[in-house]
Amino acid sequence: MAARTAPFVINRMPGFGFMAIAMFFMLYAPIILLIVFSFNERESVAVWGGFSVRWYEAAWNNRDIKDAAFRSLWLAGSAATIATSVATLAAIATTRTQPFRGLTTVYAVINMPLMVPEIVTAVALLIFFAWIKVATGYTGAAYLIAAHSAFCVPFAYLPIRARLESMDLSLERAAADLYATPWMTFRRVTLPLLWPGIIAGIMLAFVISLDDVVITELVKSGGQDTLPTYMLGQLRRVVTPEMNAISTVFLAISIALVTIFFVLNRRNA
């Protein structure tokens with residue numbers, strides 16, 4: 001009689017636990033070290049010299065860092081708002097309609113920034129905006145807002161579209177049967193149910209815009225450094241725990257956004 005072989009169970013494969021622990025260690029150990037050394041007394045980023053908050057104070061008192069940080073937050077907020085508004089309209093237009101020839105092409109065009117390398121998008125925007133600058137003479141921050149908004153649209157579009165596809169259409173149809181106008185149906189039925197997707201989209205777009213370097217570096221004009229590009233310029237000269245402190249603050253902001261989204265999602269659920 002042939003010996004029975006053990007059933008194949010994927011979650012009990014030997015070595016998977018070790019690989020998972022190793023991957024988590026490589027992912028989070030550098031972040032933990034960054035946070036720890038942001039409180040280092042010494043200027044070294046590798047040798048511990050005692051606990052201190054001097055680098056947070058130095059970053060707070062650095063006018064260039066403040067200007068870059070406020071510019072980053074303002075730019076990310078503006079881009080996320082515009083991108084989410086456009087993404088919401090695009091998601092409604094591609095889900096609340098009968099399938100038509102070319103719908104797949106529309107999906108591909110909307111999601112193109114996700115598939116194209118970011119450097120390609122950045123170079124294309126650089127050439128396009130350079131042509132406009134030459135023609136108009138305008139060199140303000142509107143180029144950065146437009147570039148970040150265009151890049152963030154697909155990131156906001158995906159969660160909003162997913163939310164729309166999971167919503168029960170019978171509620172919107174019932175509103176139409178009760179003689180509600182399309183605008184009233186959207187405002188009283190669709191929008192309240194869509195809020196979790198919109199919040200997810202705007203937060204994702206905000207974070208993507210906040211830490212973007214490649215597009216910002218190629219599109220910005222003089223005096224328009226965001227915090228990531230400012231940090232990149234400083235790291236080319238000297239590395240101090242001040243950069244660790246700034247990174248830790250941005251990490252805290254990201255964690256706060258994720259936490260807020262999680263809490264709001266649980267309440268809506």
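Mentor: Start with Y157. Leaving out residues up to four places away in sequence, Y157 touches A87, A90, A91, T94, Y107, I110 and N111.

Trainee: What makes these residues count as touching Y157?

Mentor: Contact means heavy atoms within 4.5 Å. A87 and Y107 are among the residues that meet this rule with Y157. Keep in mind that this is a predicted model: local features need pLDDT of at least 70, side-chain atom pairs count only at pLDDT 80 or more, and totals for chains, interfaces and linings use all residues. Residues are numbered from 1 along each chain as its sequence is written, and side-chain values use heavy atoms, with hydrogens and water left out.

Trainee: Why is Y157 called buried?

Mentor: Buried means under 20% relative accessible area, exposed means over 50%, and partly exposed is in between (1.4 Å probe, protein chains only). Y157 has 0%. That is under 20%, so Y157 is buried.

Trainee: Where does Y157 sit?

Mentor: In helix α7, residues 142–166. Helices are DSSP runs of H or I with at least four residues, strands are runs of E with at least two, and both are numbered from the N terminus.

Trainee: How many helices and strands does the protein chain have?

Mentor: 12 helices and 0 strands.

Trainee: How do you know that the chain is more spread out than a compact globule?

Mentor: Compare two values. The radius of gyration is 24 Å, well over the 18 Å that the globule rule gives for 269 residues, so the chain is more spread out than a compact globule. The radius is taken over C-alpha atoms, and the rule is 2.2 Å times the number of residues to the power 0.38. Along the principal axes, the C-alpha trace spans about 85 × 70 × 35 Å.

Trainee: What share of the residues is buried?

Mentor: 35% of the 269 residues.

Trainee: What makes F37 and W48 an edge-to-face pair?

Mentor: Rings of Phe, Tyr and Trp (its six-membered ring) pair if their centres lie within 6.5 Å; planes under 30 degrees apart count as stacked, over 60 as edge-to-face and the rest as tilted. The structure holds 9 aromatic pairs. For F37 and W48 the centres are 6.1 Å apart, with 75° between the planes. That angle is over 60, so the pair is edge-to-face. F37 is in helix α1 and W48 in the loop between α1 and α2. F37 is buried at 13%, whereas W48 is partly exposed at 40%.

Trainee: Why are F39 and F51 called stacked?

Mentor: Their centres are 5.2 Å apart, with 10° between the planes. That is under 30 degrees, so the pair is stacked. F39 and F51 both lie in the loop between α1 and α2, so the pair ties together parts 12 residues apart in sequence.

Trainee: What makes V239 partly exposed?

Mentor: The relative accessible area of V239 is 40%, so V239 also falls between the cut-offs. V239 sits in the loop between α11 and α12. Leaving aside neighbours within four places in sequence, V239 is in contact with E43 and V45.
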